[in-house]
Amino acid sequence: MGISAFIDAIEDRQKAVTVLNRESVDPLYRMLEGMFDDDSVTVTESQDPDAPGDVVLLRDEQTGSLAISQMGEISETLLLVNSDLYVTGTVPLAQVQTPEVVAHLSDVTFTVEDKQKFLLIHISRHIESLALETDGGVLHSSFQRLSRLQDERGTGKAYETLADSAVDVHVYGVEDWEPPGFVDALSVHAGDTPELRDSWFVVHDGGGDPDRMAALVAEEVGPDEYRGYWTFEPGLVTEILDYLESTY
């Protein structure tokens, strides 16, 4: 079972996003629809005179669980920013904030490109930040090309920070780089297989705490187009970890 098989095997959760008492402008709402709307995720709006304004609710139809965020939180972290925020290192890893609604869109397969790709970039930083906050355990990260650790200043800074922590960091990808000075603190898995060329994954084992286990797995299915999902389910994260550890 490889990374592609993990993506194919996921049984998408049905989730419903509701903007309650919307005060935000129409273009912002349409951006939310464009970011999240998917066969497994519906986006609607509703009015409730007894509730506050511009609240975003996410309901997992299988479990009934509910996540709540302010529309402003989602706008400031996703809708009104772009990938340069993290590529350039404008937001330090320790300061990454993820709205509850965004994190709980886990276990849904998204196919993203262009602006939507920022959704997966943000979740990658979320998991990396979780590992840094845990200050322990093992983090596995695939970049497709290891040179991204040099070419993307923010990514390099994030992994230099992780290299200085107690996290055991493993990086994967095609070896097309001049290794940075902090490489001695990393475990490098270089190769030129189709899986390493196409896969994007960030997986943390939780450092012994199942509640801090997390994984994003995706693959490039077209030029700068990715299909994948993220999960916080300990059983599924463990399966992905077992695959990576036994294969590489």
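I started from the cut-off: buried means under 20% relative accessible area. Trp 200, at 12% relative accessibility, therefore counts as buried. A reminder to myself that this is a predicted model.

**Entry: ring pairs**

I counted aromatic pairs and got six. For Phe 110 and Trp 230 I found ring centres 5.6 Å apart and planes at 10 degrees, so I noted the pair as stacked. Phe 110 sits in strand β5 (residues 110-113) and Trp 230 in strand β11 (residues 225-231), so this pair ties together parts that are 120 residues apart in sequence. I checked burial for both: Phe 110 is buried with a relative accessible area of 3%, and Trp 230 is buried at 0% relative accessibility.

Back to Trp 200 and Tyr 226: their ring centres are 5.0 Å apart and their planes at 85 degrees, so I wrote this pair down as edge-to-face. Trp 200 belongs to strand β9 (residues 199-204) and Tyr 226 to strand β11, so the pair links parts 26 residues apart in sequence.

I also noted that one aromatic cluster is formed by Tyr 172, Phe 201 and Tyr 248.

**Entry: a pocket**

Next I turned to the second largest pocket, and its volume came out at about 240 Å³. What kinds of residue make up its lining? I found five nonpolar, four polar and three charged ones. Among the lining residues I listed His 126, Glu 133, Asp 211, Arg 212 and Phe 232.

Definitions and conventions:
Residues are numbered from 1 along each chain as its sequence is written. This is a predicted model: local features need pLDDT of at least 70, side-chain atom pairs count only at pLDDT 80 or more; totals for chains, interfaces and linings use all residues. Side-chain values use heavy atoms; hydrogens and water are left out. On a 1 Å grid over the protein atoms alone, a cavity is a set of points where a 1.4 Å probe fits but cannot get out, and a pocket is an open set with protein on both sides within 12 Å along at least five of seven lines; lining residues have an atom within 4 Å of a point. Grid points are joined across faces, edges and corners, and a volume is the space filled by probe spheres set on the points. Ala, Val, Leu, Ile, Met, Phe, Trp, Tyr, Cys and Pro count as nonpolar, Asp, Glu, Lys and Arg as charged, and the others, Gly among them, as polar. Rings of Phe, Tyr and Trp (its six-membered ring) pair if their centres lie within 6.5 Å; planes under 30 degrees apart count as stacked, over 60 as edge-to-face and the rest as tilted. Helices (H or I, at least four residues) and strands (E, at least two) are DSSP runs, numbered from the N terminus. Buried means under 20% relative accessible area, exposed over 50%, partly exposed in between (1.4 Å probe, protein chains only).
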